[in-house]
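Here is a short briefing on a protein model. It goes from aromatic pairs to strands and then to a helix.

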Amino acid sequence: MLTLGIDLSSSKEGTAACLIQWNGSHAVMRKLELRCDDIKLDELIGEADVVGIDAPFGWPVAFVDAVAGWSSTVWTVNERRRLQFRITDLYVREKLGIWPLSVSTDRIALPAMRANALLQRHDVKDRSGDGKFYEVYPTATLKSWDLPCRGYKLTDPNCARVRQNILSGLRKTLPYLEVANECAQNSDGLDALIASITARFASQGLTYPPTEAGIARREGWIHFPVSRP
């Protein structure tokens, strides 16, 4: 199996992709691409059996309905939460104690727009995980495996050390995986690596399934491992 992990930004700057070849009990990182445009992503997707994308696949159903035709005359904490978070975001919070960025109220909406263009190009109808395309969240995967999941995004020396610690932790967690040190040079490449790993777990049914399948098909569903390997 060849898995592709994509750390998707709203433009090619900040977008990285990682291919991993899985052969039984052995896995090797085959390729790491930075600054990927849509042409490069489509090319890599064509090579892969399974794809994990670090970007929201959809918006809260309540938010979509509100945008199409606002009807509520009140503004409460519950109303705000309904419009701000998807079912999968609330599930990640419940399971791991971390909040994914809100696709309706944070800047992650821009990568989500690019993600939906990609899903449209590849005729993805089910955003909950259709067997090839899965929404993933590297922070959730790291948290599931008790690895550092914060403080690695910037370019300063402290963040570089955290990335090295994360890579070392992944090697210990998955001793059968051969991965190059270049994956820890920046957070884009590292997130793409983690996305590719998570795609493998999702394809094997080793991630949490949607709690409400019908809604997840529209909103998307974050796949993260159910336990340590």
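This is a predicted model. The structure contains seven aromatic pairs. One of them joins Tyr208 and Phe224.

- The rings of Tyr208 and Phe224 are tilted, with 45 degrees between the planes and 4.9 Å centre to centre.
- This pair links distant parts of the chain, 16 residues apart. Tyr208 sits in the loop between helix 8 (187-203) and helix 9 (213-219). Phe224 lies in the segment after strand 7 (222-223).

**Strand 2 and its neighbours**

- Strand 2 spans residues 16-23. Six of its eight residues are buried, so the strand is largely enclosed by the rest of the structure.
- Strand 2 pairs with strand 1 (residues 2-7) in the antiparallel sense, over six bridges. Within this pairing, Leu4 stands opposite Leu19 of strand 2.
- Strand 2 also runs antiparallel to strand 3 (residues 26-34), and eight bridges join the two. Here Gln21 stands opposite Val28 of strand 3.
- The hairpin of strand 2 and strand 3 has two residues between the strands. In this hairpin, Gly24 takes a positive phi near 60 degrees.

- Which residues of helix 1 (residues 38-47) are buried? They are Leu41, Leu44 and Ile45.
- Ile39 and Gly46 are exposed, on the face of helix 1 turned away from its buried side.
- What covers the buried residues of helix 1? The cover includes strand 1, strand 2 and strand 3. Strand 4 (50-54), helix 5 (109-121) and strand 5 (133-136) are also among the covering elements.
- At the start of helix 1, a side-chain oxygen of Asp37 comes to within 3.3 Å of the backbone nitrogen of Ile39.

Notes. Residues numbered from 1 in each chain as written. Predicted model: local features only at pLDDT ≥ 70, side-chain atom pairs only at ≥ 80, totals over all residues. Heavy atoms only, no water. Phe/Tyr/Trp six-rings, centres within 6.5 Å; stacked < 30°, edge-to-face > 60°. Helix = DSSP H or I, 4+ residues; strand = E, 2+ residues; numbered from the N terminus. Buried < 20%, exposed > 50% of the residue type's maximum accessible area, 1.4 Å probe, protein only. Pairing = 2+ DSSP bridges. Contact = heavy atoms within 4.5 Å. Polar contact = N/O pair within 3.5 Å; in protein donor to acceptor, adjacent residues only side chain to side chain.
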